[in-house]
Amino acid sequence: MQSQLSQALNGLSDRAKEAKEFLVQLRNMVQQIQENSVEFEACLVAQCDALIDALNRRKAQLLSRVNKEHEHKLKVVRDQISHCTVKLRQTTGLMEYCLEVIKENDPSGFLQISDALIRRVHLTEDQWGKGTLTPRMTTDFDLNLDSAPLLQSIHQLDFVQMKVSLIHRAQRSGTTASSPVPAPPILQLEECCTHNNSATLSWKQPPLSTVQVEGYILELDDGNGGQFREVYVGKETMCTVDGLHFNSTYSARVKAFNKTGVSQYSKTLVLQTSEDTESEEQTLPFPVPLERFQLRRMSPFSSTLNLQPSFSGRSYFELRSSSHPLSLHSSLQSLNSAGCNFETQSAPYSQLVDIKKLVAVAWFSFDPGSAHSDILFSNDNLTVTCNSYDDRVVLGKTGFSKGLHYWELSIDRYDNHPDPAFGVARVDVLKDVMLGKDDKAWAMYVDNNRSWFMHNNSHTNRTEGGITKGATVGVLLDLTRRTLTFSINEDQQGPVAFENMEGLFFPAVSLNRNVQVTLHTGLPVPEFYTSRASMQ
């Protein structure tokens, strides 16, 4: 019995020793939890403070717009008060003079000036015609802050990433899951597309999958074959990623997660953003078979994914697994099996595309977010005018850092011979002066007779020939040759306006209330430039 008790005590001693070690581990976990809590709270506070700072900055910007609207309304009303006061003083003076003339006792003297006075009285009365005594400005502020999307985003703010971390911890600790891990999502190729420098991706769960999914993680590489990084975490099954590089190849993949764990990655989708260069020296970063350019996608997105050489934009995609790329033939089979409608033409796989046959274009509109508050937008932000007598600047939504780009602006309205300016600018250009007044803009300003080039308030190359209603101004930015050229009614206006153009440029216009213009993009390069380039 003593021997049995001794053996039992040895076993119990081992358990007591394990319990002491476990208690030490638990106490260490308490300390670690406290430290992690402080660190996590600090991180959360910093993130929320950053959101609050961003909201305060936006608040200041919106208040600035309200103040500008306030100042504009006061200026218009005060100008009308001043104008009306001067006119009333003149009218009152004329009335007093006429009363004195009526009292004149000399009939011959009265007859000599009566006709002229009667005409003057009628003329003054006509000057007080319709609209003169109507306020030019309302007292209401036609501004309505749309805060609903932001409030919805705030309500949806949650610890999605924390869920994934908990899942990983549960997997590491060997916790048994009550439900299976989700199946890898399927990228819906018929809804994935690129447009200019943006990419839209869509995915779904496999049709026969019944596993509950709590969210998705979309990853994108850097466009140079680098590491993947998370660009979206949430419950949605579609995401548009903006601000990508032109003429770059991106790989995208997505995975699903629930409380049990994280799924495997979907097959990788390779997308190429639109071409934005037409240079004889430019070569593709990888061989692209001509067969791929003869692939024509028949879908609502064909305007952004039309791959024929005759189409001015270019993008392509290739489906591949995580371990090895599929052949083009198997890619087509996968695409067709997914329900896409494709047409193909046979061509040798080794035959490569001549990039010089591709015309580089980009489609864009004016950007209300960065424009001066006096700019008025219409026609899906393609048409702009202004409610101020002073020049105000508006930029295009798309910036260019390389390639050949051409766009036109048609003059819809041109009153009282103003000087609108057309060109390119940095994103931080001054918005309340004529384009070209500072060192952040390169422009041509033009009236009804002649034009000038202007940069940093330096006026050069006066050229005969102006604009009227119905005229067309062309802007050609060639960042391969680093030049900026202008045209009026398809004829080059003056010499090459600016050279040594480097950096990121946005299409820009400055105008006042006497001008209205409409933007036209996605245009071929004009003949005067292509013929000159071929001669060079």
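Accessible areas are taken here from the Shrake-Rupley method with a 1.4 Å probe, and on that basis the protein in this predicted model exposes about 31200 Å², of which carbon and sulfur atoms supply 53%.

**Figure 1. Overview of the predicted model, with its secondary structure and burial.** The protein has 8 helices and 25 strands, and buried residues make up 40% of its 536 residues. Among the contacts between residues at least 6 apart in sequence, 67% join residues that are at least 24 apart.

**Figure 2. Close-up of the largest nonpolar core, which has 37 residues.** The residues with the most contacts inside this core are Trp407, Leu409, Phe422, Leu477, Leu484, Met501 and Val517. Two or more residues each are given to the core by β13 (383-386), β15 (404-414), β16 (421-425), β17 (441-446), β20 (472-478), β21 (483-488), β24 (506-511) and β25 (515-520). Of these elements, β15 gives the most, with 4 residues. In soluble globular proteins, nonpolar side chains tend to be buried together.

Figure 3. Leaving aside residues up to four places away in sequence, Val517 touches Leu382, Thr383, Val384, Leu409, Ser410, Ile411, Asp412, Phe422, Val509 and Leu511. A second, separate core of 19 residues includes Leu201, Leu218, Leu220 and Leu269.

Figure 4. When residues up to four places away in sequence are not counted, Thr383 touches Leu376, Phe377, Ser378, Asp412, Gln516, Val517 and Thr518.

**Figure 5. Open sheet of 6 strands with antiparallel pairing.** The strands follow one another in the order β14-β24-β16-β17-β18-β19. At the edges stand β14 (392-395) and β19 (458-464), each of which has a single partner strand, so that one side of each is left without a neighbour in the sheet. With direction ignored, neighbouring strands of this sheet are turned by 20 degrees against each other on average.

**Figure 6. Pairing of β17 with β18 within the sheet.** Strand β18 (residues 450-455) is joined to β17 by 5 bridges, and the two strands run antiparallel. Met444 stands opposite Phe453, a residue of β18.

**Figure 7. Loop between β12 (375-378) and β13, with Asn381.** Although Asn381 is not a glycine, it has a positive phi of about 65 degrees. The relative accessible area of Asn381 is 23%, so the residue is classed as partly exposed, a class that lies between the limits of 20% and 50%.

**Figure 8. Loop between β15 and β16, with His417.** Here too a residue other than glycine has a positive phi, which for His417 is about 55 degrees. His417 is exposed, because its relative accessible area of 53% meets the requirement of over 50% for that class.

Definitions and conventions
Residues numbered from 1 in each chain as written. Predicted model: local features only at pLDDT ≥ 70, side-chain atom pairs only at ≥ 80, totals over all residues. Heavy atoms only, no water. Core = buried A, V, L, I, M, F, W, Y, C linked by side-chain atoms within 4.5 Å. Buried < 20%, exposed > 50% of the residue type's maximum accessible area, 1.4 Å probe, protein only. Contact = heavy atoms within 4.5 Å. Pairing = 2+ DSSP bridges. Axes fitted to C-alpha atoms, helices over the stretch in contact; angles between N-to-C directions.
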